[in-house]
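Student: I have a model open beside its sequence, and I would like to learn how to read a few of its features. Could you take me through them, with the general idea ahead of each case?

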Amino acid sequence: MNPLMKMMKMMKPCLGGLAWLWVVWLSVTPAFGMEADEILQQMERKMQSKSYEMFSRIAFELPNGRVRTVSLYTALKSGRQALAVVVAPDEFKGRAALRDGDDVWMHIPGELELRKSNLMFSLVGGIFNNADLLTGFLFEDYQPTLLDEDETGWRLELRPRFGSAPYARMELRVNKKNGLPLTLSQFDSSGALIKTIHYQDVQTVDGEHLRPMVLTSASELNTKYRSTWSVGQMTSRDFPLDAFTRGFLSRAGTLMK
């Protein structure tokens, strides 16, 4: 027998064993990037459709004990497009904000020109800013990585896909039992914690989706500043082609039925 063929015949059992070990290793080693993508995308599909509207109320608790409440109409769709309109109180009624990708614009009733804004500013003030109000799909703005997991849930790190993102990174905890968010911690470029959002009161909405209906948070600088964001109604909807344009922003309130 040819010496080379003889050597290959002797090595065949070893090669077969190595191939088997390789298959076993692949089966037990988690693909962290793909797993994180799947966790985040499944979470968001469970919570909402690709295009939807909702009515909500945000209560701002001040250090002196006073509570200020703002009611909002919000329209969001995939493609990083969203708008929000203040429904009440009267002093803010008609204010509107538009997000189209990286651009954010505000309409103030009585002003002829739109104001250029950003995601860190807040249309209504308080703990929740435009990034919270106008981000419908985290996966479109942030790249997830699986940090760790335990029996109850996963912990994902979210890093911006674009330079315009308001947070340098975020940490999202997802409940394994229902696949929904538990907390979302937001950090600035120095690594300081800005705030942590807590998701509560899971309910079925529009007969199809499951989501937390109450979000609470407090300022890390002064925890006496607290906000509670309560979703009252959420419905899947297709919008007019011009709904998420600057020219339509002053008329955004007409979308409300």
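Tutor: Let us begin with a helix residue: Asn 130 is found in helix H3 (residues 130-133), where helices (H or I, at least four residues) and strands (E, at least two) are DSSP runs numbered from the N terminus. The model is predicted, so local features need pLDDT of at least 70 and side-chain atom pairs count only at pLDDT 80 or more, while totals for chains, interfaces and linings use all residues. Residues are numbered from 1 along each chain as its sequence is written, and side-chain values use heavy atoms, with hydrogens and water left out.

Student: Is Asn 130 buried or exposed?

Tutor: Buried means under 20% relative accessible area, exposed over 50%, and partly exposed in between (1.4 Å probe, protein chains only). Asn 130 is buried, at a relative accessible area of 0%.

Student: Which residues is Asn 130 in contact with, leaving aside its neighbours within four places in sequence?

Tutor: Contact means heavy atoms within 4.5 Å, and on that basis the partners of Asn 130 include Val 104, Phe 121, Leu 123 and Thr 135. For Leu 123, the backbone nitrogen lies 3.0 Å from a polar atom of the Asn 130 side chain.

Student: How many bridges join strand S9 to S10?

Tutor: Two strands pair if DSSP finds at least two bridges between them. Strand S9 (residues 169-175) and S10 run antiparallel and are joined by six bridges, with Arg 169 standing opposite Phe 187 in S10. These two strands form a hairpin with five residues between them, and Gly 179 in the turn has a positive phi of about 75 degrees. S10 also pairs in the antiparallel sense with strand S11 (residues 193-205), over five bridges, and in that hairpin Gly 191 takes a positive phi near 95 degrees. As for burial, six of the seven residues of S10 (residues 181-187) are buried.

Key
Polar contact = N/O pair within 3.5 Å; in protein donor to acceptor, adjacent residues only side chain to side chain.
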